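Biologist: I'd like to learn how to read a fold like this one, feature by feature. Could you walk me through it?

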Amino acid sequence: MQDDSDRVDGDSKKSVRVGISDVLGDYALGSTSSKRVSSLAEVDDDTRSVMKDIGIADDESGRSGSIMFINNGLSHCSNKIQDGVEILSTHEALKRYEWVKDYFWKATPSEKDEFTEKVYDGCADGYFIWVKPGYKIKDPVQACNIISVKRSVQTLHNIVIVEEGASLEMISGCATNSHVNEALHIGVSEIYVGKNASCTFSMIHNWGSKTTVRPRTVCLVEAGGKYVSNYVLLKPVGTLQSFPLCRLNGEGASCKFNTICIACKGSDIDSGTVVELNAPNTSAEVVSRNIVRGGNIIARGRLIGNTPGIRAHLECKSIMLDDGGKTEAIPELISTAVNVEMTHEAAVGKIARDQIEYLMSRGLSEEDAIGMIIRGFLVGGISGLSDNLKKEIDDAISKADLGS
């Protein structure tokens with residue numbers, strides 16, 4: 001299987017390996033020590049401003065708990081609901097519970113590519129979220145990962161475990177501080193969703209315009225489990241390569257991936273999703289909404305049906321807003337079994353002038369009319385979001401410069 005460190009040239013279709021040697025340069029590993037704060041309200045003004053842009057509540061209102069890493073060091077960890085949930089650094093979790101080692105590098109092999117190897121070789125820390133059997137969390141847990149040093153590398157290894165019958169909603173915000181432009185972020189996340197459990201994992205990213213971003217995520221879902229992933233990138237980034245994998249391993253398991261990206265000028269985005277449907281009555285939906293504003297974006301999707309009686313749909317839609325950019329959709333449907341239902345839809349278009357003129361006739365400026373249309377397009381394919389998450393995504397979209 002192609003991993004998410006491979007690129008495909010749009011003309012030759014030749015796969016090009018992009019490894020650490022291509023992007024690391026003279027970057028230095030970010031510090032593993034960070035100033036500890038007892039409350040997120042104690043962070044500096046720059047960090048607080050960044051947090052608000054990525055859905056992190058500095059007063060922790062409406063949150064079940066919080067964990068924050070600055071560079072490679074734990075800066076804050078708090079838990080409002082001690083009985084049903086553990087929120088720790090992965091290093092602390094390994095010290096506290098011997099069984100945690102069984103979840104390390106189980107979903108994602110450490111030798112997957114140069115990026116996972118760097119996280120493994122450096123014994124990177126990260127966040128550990130464990131929801132105990134049957135425990136249903138009312139408010140989201142938030143995780144914040146910030147790079148505060150120029151030309152530094154952030155490496156994280158995150159473990160999320162949602163036990164049988166439990167539920168978790170998580171907001172993960174990742175960013176560089178305002179004075180940091182060039183940096184490298186490598187985040188390995190292993191997510192385990194137990195029988196009849198549910199996990200909603202939402203990421204809002206805000207990087208410097210020359211930042212290199214290499215997330216590596218794998219989710220394993222057991223029978224009757226449900227996993228929902230929401231990814232939002234609305235600001236410029238240097239390069240982003242992301243190809244998360246979800247394995248639906250138990251009967252009746254399901255997943256949904258929603259991606260919202262704006263490819264600003266100078267940004268090179270290669271994003272996608274792989275879903276393996278490995279058990280009967282599993283289902284998957286992958287939805288991508290992209291705006292091209294002079295940057296380049298490849299939207300990938302790969303659905304693999306390995307057993308009869310599965311259903312899966314892949315949808316990718318892009319709007320070309322400015323000249324000079326490029327969008328490419330690469331949908332793949334692969335089946336190794338009979339009696340499967342797998343479909344895909346891809347479209348590239350523009351904003352219709354009559355829509356703009358109609359809204360302008362209702363009193364909106366042209367800029368506001370374009371912004372409203374884009375906002376509706378971006379969130380139009382996403383359903384089933386909680387009220388909390390709808391607000392966070394809407395706030396992030398509102399802060400993006402959509403109309404000009």
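Biologist: Let's start with strand pairing: how many bridges join β12 to β14, and do they run parallel or antiparallel?

Modeller: The general idea is that strands of a sheet pair through backbone hydrogen bonds, either parallel or antiparallel. Here β12 (residues 198-206) and β14 (residues 226-233) run parallel and are joined by eight bridges. To pick one out, His-205 has Leu-233 of β14 as its bridge partner. Two strands count as paired if DSSP finds at least two bridges between them; strands (E, at least two residues) and helices (H or I, at least four) are DSSP runs, numbered from the N terminus.

Biologist: Before we go on, what sort of model is it?

Modeller: It's a predicted model: local features need pLDDT of at least 70, side-chain atom pairs count only at pLDDT 80 or more, and totals for chains, interfaces and linings use all residues. Residues are numbered from 1 along each chain as its sequence is written, and side-chain values use heavy atoms, with hydrogens and water left out.

Biologist: Which strand order does the open sheet of 10 strands have?

Modeller: Reading across, the order is β5-β4-β8-β10-β12-β14-β17-β19-β21-β23, with mixed pairing. β5 (73-79) and β23 (341-349) are at the edges with a single partner strand each, so one side of each has no neighbour in the sheet. From one strand to the next, the twist averages 10°; axes are lines fitted to C-alpha atoms, for helices over the stretch in contact, and angles run from 0 to 180 degrees between N-to-C directions.

Biologist: Where does helix α2 pack?

Modeller: Helix α2 (residues 45-53) packs on that sheet, touching β4 (65-70), β8 (141-147), β10 (167-176) and β12. Its direction makes about 125° with that of β8. Contact means heavy atoms within 4.5 Å.

Biologist: Which residues of α2 are buried?

Modeller: First the idea: an α-helix has 3.6 residues a turn, so residues three or four places apart point the same way. In α2 the buried ones are Thr-47, Arg-48, Val-50 and Met-51. They span an arc of only 165° around the axis, so they sit on the same side of α2; the arc is that of the directions from the helix axis to the C-beta atoms. Their cover includes β4, β8 and β10. Buried means under 20% relative accessible area, exposed over 50%, partly exposed in between (1.4 Å probe, protein chains only).

Biologist: How many residues of β7 are buried?

Modeller: Five of the five residues of β7 (residues 127-131) are buried, so the strand is largely enclosed by the rest of the structure. Tyr-127, Ile-129 and Val-131 point one way, Phe-128 and Trp-130 the other. β7 runs antiparallel to β6 (residues 85-89), with five bridges, and parallel to β9 (residues 152-162), with four. Glu-86 has Trp-130 as its bridge partner, while Ile-129 has Val-160.

Biologist: And which residues touch the most other members of the largest nonpolar core?

Modeller: A nonpolar core is a set of buried Ala, Val, Leu, Ile, Met, Phe, Trp, Tyr and Cys residues joined through side-chain atoms within 4.5 Å. In the largest one, with 55 residues, Leu-168, Tyr-227 and Val-275 touch the most other members. Strand β17 (residues 254-264) gives the most to this core, four residues. A second, separate core of 29 residues includes Leu-234, Ile-262, Ile-370 and Phe-377.
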